[in-house]
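Here are a few exercises to work through with the model open beside you. Try each task before reading its solution.

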Amino acid sequence: MYRPVDRCAYNRPAEPMDGFKSGEAMAAKILVIDDDPNVQRLLTYTLKQEGYEVLVASDGAEGYRLWSAEVPALILLDIMLPKVDGYQVATKIRAEEGSAAHVPIIMLTAEREVEQKVRGLRAGADDYLIKPFHPAELLARIKSLLARFAPRDLLVGRPPLGRVLAFYGAKGGVGTTTIAINAAIALHRELGRKVVLVDANLQFGDHRVFLDLGLDRKSIIDVVTAPSIDLDLIKQVLVHHDSGIDLLLAPPSPETAELVTEEHMPQILDHLRSLYDYVIVDIDKRLDEINLKILDQADQFFVVMTADLSCLKNVRLVLETIGHLGVEPGKVHLVLNRSNAFTGISMKNAESALKRTIEFQVINEYRGAISALNSGAPFMYTKADSPLGRSLLDFGRTVDKTSAAMPQPALGTH
Ligand SMILES: Nc1ncnc2c1ncn2[C@@H]1O[C@H](COP(=O)(O)OP(=O)(O)OP(=O)(O)O)[C@@H](O)[C@H]1O
Ligand SMILES: [Mg+2]
């Protein structure tokens with residue numbers, strides 16, 4: 001069972017940069033993957049004594065899952081594990097972690113042979129300890145690796161990236177909300193970003209349904225009806241989801257939607273971008289004043305589409321319209337949802353009809369998408385390992401890579 005946990009890297013305390021002063025590494029999370037209960041006990045005791053938080057997995061699959069769900073600061077990995085061995089675990093982690101991340105891995109083994117050592121290092125281990133080892137040696141190696149790999153930009157106090165990513169459906173029902181919600185969760189849970197999701201589909205917002213939340217939750221209406229909009233107010237209105245992302249919900253009923261005006265959006269988004277790495281905005285398909293204000297604020301604008309004729313027609317119209325409005329072409333991206341569903345129009349045909357590249361694709365998995373919707377538990381939260389989850393994660397990774405590389409936006413300039 002996938003255990004929902006908050007794995008935002010922000011929750012991680014700063015790790016010591018010099019690495020050798022006792023007590024400085026308080027509460028860094030260490031994952032022990034070893035099937036021997038005695039070793040588990042010994043390591044847990046030793047590490048806890050030193051102030052580390054300890055997670056324990058008894059086999060490779062569980063170890064991999066905990067790495068993915070908990071983002072430990074370091075892994076102690078036994079080689080001879082049941083089912084998936086230590087080499088395979090290390091290889092899989094190295095293949096999965098983004099280029100910006102590197103969890104230090106120390107391999108533990110009873111073997112002395114050089115060949116084993118080399119194989120472990122090749123699989124992606126950073127260091128190697130032969131059992132039995134002295135706890136002092138283990139701790140010294142852990143501290144040294146933590147110091148070496150402490151990612152400076154994840155240290156407490158790093159300013160948020162502050163990117164606004166807007167998701168717009170070229171046609172109703174193409175999967176905009178599905179992609180916005182699951183991309184938000186992927187950016188947080190899998191990539192350690194701090195994320196807020198805004199349901200800007202003001203009349204018929206769906207996030208309460210997708211995330212199983214009642215109408216009693218606070219919404220954007222509580223922001224816009226207050227005498228003035230400030231950070232404290234916004235923080236009080238945001239709803240925290242178990243997946244770790246925060247939400248600014250749409251009005252609870254269509255008739256209250258008109259209380260939100262185009263003046264409100266820039267203020268709200270500016271406040272949010274001062275707090276979060278990513279402000280993900282799910283907008284409806286009207287190109288009205290409010291949506292144009294959001295588009296103006298957005299660092300990236302994702303037009304979600306499927307490969308059918310009416311959608312292609314709409315994409316062309318949207319691209320033309322926002323071109324006339326002077327929107328910078330570089331920030332507009334096409335996302336082909338249900339990319340492998342049969343529509344009679346291939347991606348190549350769609351690209352040549354639009355005369356532009358479709359940069360992103362999300363696969364078709366109707367059952368996965370609809371059962372997540374029906375149960376109110378997004379697949380990126382409960383089934384990140386499914387094909388649809390992996391497809392969304394690929395999308396999130398690419399978005400994160402390009403967004404993080406963009407220059408820091410100046411707040412309040414919109
Ligand atoms: N990649 C996918 N594979 C299969 N089904 C999908 C996929 N993405 C979305 N769906 C399904 O498509 C339907 C519409 O999805 P969603 O509500 O996200 O679209 P939307 O564009 O936000 O719609 P609306 O115009 O109502 O806001 C849902 O039933 C959802 O489960
Ligand atoms: Mg929607």
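**Exercise 1: the open sheet**

In what order do the 5 strands of the open sheet lie, and is the pairing parallel or antiparallel?

Before starting, note that this is a predicted model, where local features need pLDDT of at least 70, side-chain atom pairs count only at pLDDT 80 or more, and totals for chains, interfaces and linings use all residues. Residues are numbered from 1 along each chain as its sequence is written, while chains are lettered from A and ligands numbered from 1 in the order in which they are written.

Step 1. Helices (H or I, at least four residues) and strands (E, at least two) are DSSP runs, numbered from the N terminus. Two strands pair if DSSP finds at least two bridges between them.

Step 2. The order is S2-S1-S3-S4-S5, and the pairing is parallel.

Step 3. At the edges are S2 (53-57) and S5 (127-130), each of which pairs on one side only. On average, neighbouring strands of this sheet are turned by 20° against each other, direction ignored.

Step 4. Look at one pair: S4 (residues 105-109) joins S5 in the parallel sense over 4 bridges. Opposite Thr109 you will find Ile130 in S5.

**Exercise 2: helices across the sheet**

Step 1. Axes are lines fitted to C-alpha atoms, for helices over the stretch in contact, and angles run from 0 to 180 degrees between N-to-C directions. Two residues are in contact if their C-beta atoms, placed from the backbone, lie within 7 Å.

Step 2. H1 (residues 37-49) lies across S1 (29-33), S2 and S3 (74-78), and runs at about 165° to S2.

Step 3. H5 (residues 135-149) lies across S3, S4 and S5, at about 175° to S5.

**Exercise 3: a covered strand**

How many residues of S6 are buried?

Step 1. A residue is buried if 20 or more other C-beta atoms lie within 10 Å of its own, exposed if 12 or fewer, and partly exposed in between, with C-beta atoms placed from the backbone. In S6 (residues 163-169), 7 of its 7 residues are buried.

Step 2. Arg163, Leu165, Phe167 and Gly169 on one side, and Val164, Ala166 and Tyr168 on the other, are all buried.

Step 3. S6 pairs in the parallel sense with S10 (residues 278-283) over 6 bridges, where the bridge partner of Phe167 is Asp282. Another 5 bridges join S6 to S11 (residues 300-305), running parallel, and there Leu165 has Gln300 as its bridge partner.

**Exercise 4: a loop residue**

Why does Glu97 count as partly exposed?

Step 1. Locate Glu97 in the loop between H3 and S4.

Step 2. Glu97 counts as partly exposed because it has 17 C-beta neighbours inside 10 Å.
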